[in-house]
Amino acid sequence: MVTAYDSTFACIVDEAGVDLILVGDSVGTVMQGHKTTLSVSMEHMEYHVAMVASVKPLALVVGDLPFGSYQASHTQAIDNSVRLIKAGAEIVKLEGGVHLASTIAAITHVDIPVMAHIGLTPQSYHRMGGNKIQGRSSSGAGSRNQILEDALAVQEAGAHAVVIEGVPSDVAQEVTESLSIPTIGIGAGVHCDGQVLVMHDLLGLSARSFTFAKAYANLRTTSIEAVRDYVSEVHSGAWPDSDHSFSK
Ligand code: KIV
């Protein structure tokens with residue numbers, strides 16, 4: 001699974017053969033330039049889901065429910081899941097475990113598949129005190145035991161798959177071995193059933209880099225060099241040349 005937020009990159013990742021395209025609320029950080037994902041709205045998500053779905057990818061389109069769009073009530077969660085499905089998502093993702101289990105059940109009861117997201121959940125930024133690796137302690141919030149309980153609860157509630165983010169790989173391994181639904185890891189080691197990366201990290205588009213994310217290309221440098229060449233050719237008069245100009 002790889003994230004995409006528009007039709008151009010949806011085509012690229014689909015042609016490359018990903019199984020799932022996640023229209024993630026990471027749009028708030030990598031596209032909108034915010035520090036967290038917390039300000040992303042339903043309108044933003046509908047807009048980006050529709051752009052990705054417009055190319056009719058072979059890959060399954062996962063639509064992320066943003067912060068504040070599903071926590072208030074089951075009715076709110078169902079209404080907003082329906083909005084993402086109408087925009088073109090085929091499965092919705094939400095962050096949470098035990099406390100969101102009844103919400104997951106409510107959404108799946110109206111025939112909308114749900115992907116849960118446990119471990120480091122970026123929408124819990126303030127509770128976690130930042131995007132911190134979870135599952136290192138043995139008890140309490142964010143502990144290894146809590147993550148295992150969360151995993152079992154979301155499976156029991158009817159989730160079709162679960163993203164595990166930012167946990168030691170042995171924790172992800174234990175979760176994966178305990179569940180019958182697929183686990184998809186990010187910063188969670190090699191033992192998950194699948195993996196997800198944010199497209200900007202995978203392509204080396206952003207200035208930032210993370211231990212858990214590998215850049216398979218350096219498109220930031222390539223892009224800067226290309227634009228620099230263009231600027232230089234415009235300044236020198238080499239662009240546009242006769243091959244790219246019209247005659248009578
Ligand atoms: O929003 C997102 O891109 C995500 C992934 C990091 C899993 O939730």
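Q: A crossing counts as right-handed if the near helix is turned clockwise from the far one by less than a right angle, and as left-handed if anticlockwise. In which kind of crossing does α4 pass α5?
A: The crossing of α4 past α5 is right-handed, and please keep in mind while you look that this is a predicted model.

Q: What is the angle between α4 and helix α5, and how far apart are their axes?
A: Helix α5, which covers residues 101-109, packs against α4 at an angle of about 45 degrees, and the two axes are 9 Å apart.

Q: What does that make α4 relative to α5?
A: Angles under 35 degrees count as roughly parallel and those from 65 to 115 as roughly perpendicular, so an angle of about 45 degrees makes α4 oblique to α5.

Q: Which residues make the contact?
A: On the α4 side they are H74, A77, I78 and S81, while α5 contributes S102, T103, A106 and I107. Sorted by type, the residues of this contact are four nonpolar and four polar, with no charged ones.

Q: Staying with α4, where is Q76 found?
A: Q76 is part of helix α4, which runs over residues 74-87.

Q: What does the side chain of Q76 reach?
A: It reaches the backbone nitrogen of A72, at 2.9 Å. Leaving aside residues up to four places away in sequence, Q76 also touches G68, S69, Y70 and Q71.

Q: New topic, how do α7 and α8 pack?
A: Helix α7, residues 144-157, and helix α8, residues 169-178, meet at an angle of about 30 degrees with their axes 10 Å apart, and they are therefore roughly parallel to each other.

Q: Is the crossing of α7 and α8 left-handed or right-handed?
A: The crossing of these two helices is right-handed. From α7 the contact is made by R144, I147, L148, A151, L152 and Q155, and from α8 by D170, V171, E174, V175 and S178.

Q: How many residues of the contact of α7 with α8 are charged?
A: Three are charged, and the others divide into six nonpolar and two polar.

Q: Last one, which residues are around the ligand?
A: They are T3, L22, G24, D25, S26, D64, K93, H117, I186 and V198.

Q: How far does a polar side-chain atom of S26 lie from an oxygen atom of the ligand?
A: For S26 that distance is 2.5 Å. A polar side-chain atom of K93 lies 2.9 Å from a ligand oxygen, and for D25 the distance from such an atom to an oxygen of the ligand is 3.0 Å.

Terms used: Residues are numbered from 1 along each chain as its sequence is written. This is a predicted model: local features need pLDDT of at least 70, side-chain atom pairs count only at pLDDT 80 or more; totals for chains, interfaces and linings use all residues. Side-chain values use heavy atoms; hydrogens and water are left out. Axes are lines fitted to C-alpha atoms, for helices over the stretch in contact, and angles run from 0 to 180 degrees between N-to-C directions. Helices (H or I, at least four residues) and strands (E, at least two) are DSSP runs, numbered from the N terminus. Angles under 35 degrees count as roughly parallel, over 145 as roughly antiparallel, 65 to 115 as roughly perpendicular and the rest as oblique. Contact means heavy atoms within 4.5 Å. Ala, Val, Leu, Ile, Met, Phe, Trp, Tyr, Cys and Pro count as nonpolar, Asp, Glu, Lys and Arg as charged, and the others, Gly among them, as polar. A residue is near a molecule or strand if one of its heavy atoms lies within 4 Å of it. A polar contact is a pair of N or O atoms within 3.5 Å; within protein, one must be able to donate a hydrogen and the other to accept it, and residues adjacent in sequence count only if both atoms are side-chain atoms.
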